[in-house]
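This briefing walks through selected features of the structure shown below, grouped by topic. It begins with a surface feature and then turns to a sheet and to a single residue.

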Amino acid sequence: MRRRTLLAGAALGLGLTLSGTAMAQDKTKACFVYVGPIGDGGWTYQHHQGLLAVQEAFGDKVETAYQENVPEGADAERVLTQMALSGCDIIFTTSFGFMDATNAVAAKFPDVKFEHATGYKREHPNVATYNARFYEGRAVMGTIAGRMTKSNKIGYIASFPIPEVIQGINSSFIHARKVNPDVTISVVWAYTWFDPAKEADAAKALIEQGVDVILSHTDSTAPLAELAKTPGTIGFGQASDMAEYKPSPRVSSIIDNWAPYYIKRVGAVIDGTWEQADAWEGIAGGEVEIGEITEAVPAEVKAEAEAMRDAIAAGSYHPFTGPLNKQDGTPWLAEGETASDGDLLGMSFYVEGIEGDIPK
Amino acid sequence: MDLTAINPAVLIASLMVAAVPIMLAATGELVVEKAGVLNLGVEGMMIMGAVYGLAIAVEAESPVVGFVAAAAGGAALSLIFAFLTQVLLANQVATGLALTLFGLGLSSLIGQGYVGIKPPPTPRLDFGPLTDIPVLGTILFRHDPVVYLSVLIIAAVWALLKFTRAGLILRAVGENHDAAHALGYKVQRIRLLAILFGGAMAGLGGAYISLVRVPQWTDGITAGAGWIALAIVVFASWKPWRILLGAYLFGGITVLQLNLQAAGARIPVEYLSMSPYLITILVLVIMSADRGRAALNAPAALGRNFHASR
């Protein structure tokens with residue numbers, strides 16, 4: 001009797017699964033791979049907001065799935081393969097370190113579309129890349145940092161020595177120096193995207209060095225939590241608004257808004273018009289937003305930062321405009337010349353004025 | 001590099017803070033080992049303390065309640081260890097390792113809903129004008145209560161082990177459980193209490209990480225602090241005050257390496273990041289080189305199970 005009940009149960013279960021797959025075939029399945037937890041309040045949180053926007057925009061036409069905390073490396077390949085096998089039509093891999101795994105898995109599943117964030121490898125026709133011009137946001141933050149620092153020391157918590165991060169350091173520094181010629185920048189390499197303990201320690205060390213404005217290029221809110229303990233120091237929301245630290249220490253933020261891009265690309269899969277692409281939008285395209293500048297910032301500094309934002313959005317100003325020299329003093333950009341995208345994507349040097357070396 | 005940018009007073013103040021979690025956990029483990037039990041589950045108990053402390057502090061909106069809950073949580077997990085090793089006489093090494101793995105997994109499950117949430121702040125103790133004394137004020141009088149508590153606990157453990165009858169009994173159980181049993185002491189009960197104390201201390205240490213140092217929850221937040229605590233017990237050759245020394249040394253190097261980086265030292269970051277662990281290994285090697293002395297200090301019945309019928 002018991003065995004029969006079990007069998008019946010199993011059969012029922014099997015039936016359900018089968019009908020489940022049958023139904024799924026009408027729907028487009030969009031899958032997301034996250035490097036951190038959704039609750040990081042930063043990078044991954046914003047990508048998840050994008051997923052929710054996709055679900056909202058297409059309703060019953062799409063099914064979404066995601067996996068959090070996927071390590072960059074061999075595990076990523078396993079997760080991607082599993083997703084491709086489970087019927088995903090388009091997979092977004094949302095960290096630089098997933099680059100090789102994305103291309104390797106894409107080779108095995110030519111019918112599945114892959115979208116890799118912040119990378120540059122598109123080895124197969126079914127791999128697209130997308131990125132945002134975070135350095136434009138850094139120009140605005142750098143302006144505020146240069147004006148707000150009293151010790152003339154700003155700090156930067158960097159993750160990995162990759163072009164995207166180096167662009168951020170350079171852009172922040174150039175614009176801080178532009179408004180405050182005495183400013184210096186200390187860079188701490190955390191070698192992680194998400195490790196609140198390490199990020200907090202790094203922020204603490206910077207504060208102990210007399211730094212009073214910290215920019216972070218890691219994903220958690222921990223640096224802001226550390227800044228909140230020391231009056232007179234400020235920081236910025238990174239990747240997400242991090243509004244819970246308003247009005248200080250979080251005085252403004254760079255918000256990554258992935259929703260429009262995700263909706264566009266998933267829509268293209270539904271229509272069958274998806275094509276390989278390399279998207280790199282900035283403030284003008286709405287992918288990079290500047291969060292509210294709080295009352296902790298004087299009105300004239302706020303106006304200056306907003307003018308910078310608007311000039312970048314209008315295309316009348318490029319954050320990397322000459323004359324700019326490399327760290328060793330060799331000329332990079334002549335007067336009025338702007339950096340090409342190729343230069344930016346391969347950026348592996350500090351600009352003149354930054355001390356220290358980029359780790360290899 | 002600008003070494004003058006590193007202010008020694010600030011450095012000492014922050015190494016005291018950095019050392020608190022391992023110091024608390026190591027003090028607890030010292031008592032456990034003094035009773036003759038080797039509990040390798042410190043990491044697991046710490047992380048359980050970290051997650052309980054944060055979760056309860058957030059729900060109760062009080063860091064004090066959080067710390068108490070963390071101690072209770074760590075002790076509760078150590079109860080599993082006590083049951084397995086003292087009642088079922090399971091192997092202590094294997095049980096301790098299992099406890100760590102279990103704690104890491106369970107904490108991750110409990111912590112799911114608490115990622116990225118801010119715990120209520122733990123206030124500093126107010127020493128009034130003392131805070132403004134140059135150098136000394138920075139080093140000694142600008143901390144939260146747990147920093148002082150951790151030193152007080154070491155003093156209390158030292159006094160208990162050295163001067164009281166209870167301490168003598170605890171050491172007797174750890175040195176020779178058969179003799180202690182013959183004298184009429186309840187070996188298992190005493191060990192159980194020691195294990196519970198160890199769990200509570202590890203829990204407190206963990207909560208200090210999630211409530212004060214970071215302050216946030218994320219999977220694996222203790223990042224190996226429990227293992228360092230175990231190493232520090234050996235480093236201290238089972239003497240309470242040397243735990244203070246070991247913890248400050250480790251905490252000091254952890255803080256110093258970040259400060260060196262921020263000051264622009266031209267040493268590859270990778271070496272700086274591994275330096276606290278390298279120093280720990282180095283000290284352990286030096287300590288163990290003199291085999292006779294190290295062995296003399298270790299409790300004789302360490303890691304051996306006791307059964308009255310034998």
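**Surface patch, sheet and a helix residue**

In this predicted model, a nonpolar patch on the surface is formed by B:L130, B:I133, B:L136 and B:L140, which together have about 290 Å² of accessible area. The points below take up one member of that patch, then the sheet of chain A, and finally a leucine elsewhere in chain B.

**The patch in chain B**

- B:L140, one of the patch residues, lies in helix α5 of chain B, which spans residues 136–140.
- Because its relative accessible area is 34%, which falls between the limits of 20% for buried and 50% for exposed, B:L140 is classed as partly exposed.

**The sheet in chain A**

- Chain A has an open sheet of 6 strands, with parallel pairing and the order β2-β1-β3-β4-β5-β11.
- The edges are held by β2 (62–67) and β11 (278–281) of chain A, and because each has a single partner strand, one side of each is left without a neighbour in the sheet.
- From one strand to the next, the twist averages 15 degrees.
- Strand β5 of chain A (residues 127–132) runs parallel to β11(A) and is joined to it by 4 bridges, and A:T129 stands opposite A:D278 in β11(A).

**B:L97 and its surroundings**

- B:L97 belongs to helix α4 of chain B, residues 92–111, and counts as partly exposed at 38% relative accessibility.
- When neighbours within four places in sequence are left aside, B:L97 is in contact with B:L40 and B:W227.
- Between B:L97 and B:R191 the separation is 94 residues in sequence and 19 Å in space, taken from C-alpha to C-alpha.

Definitions and conventions
Residues numbered from 1 in each chain as written. Chains lettered and ligands numbered in written order. Predicted model: local features only at pLDDT ≥ 70, side-chain atom pairs only at ≥ 80, totals over all residues. Heavy atoms only, no water. Patch = residues over 30% accessible without salt bridge, like charges linked within 9 Å, V, L, I, M, F, W, Y side chains within 5 Å. Areas by Shrake-Rupley, 256 points an atom, 1.4 Å probe, with all protein chains shown as cover. Salt bridge = Lys/Arg side-chain N within 4 Å of Asp/Glu carboxyl O. Helix = DSSP H or I, 4+ residues; strand = E, 2+ residues; numbered from the N terminus. Buried < 20%, exposed > 50% of the residue type's maximum accessible area, 1.4 Å probe, protein only. Pairing = 2+ DSSP bridges. Axes fitted to C-alpha atoms, helices over the stretch in contact; angles between N-to-C directions. Contact = heavy atoms within 4.5 Å.
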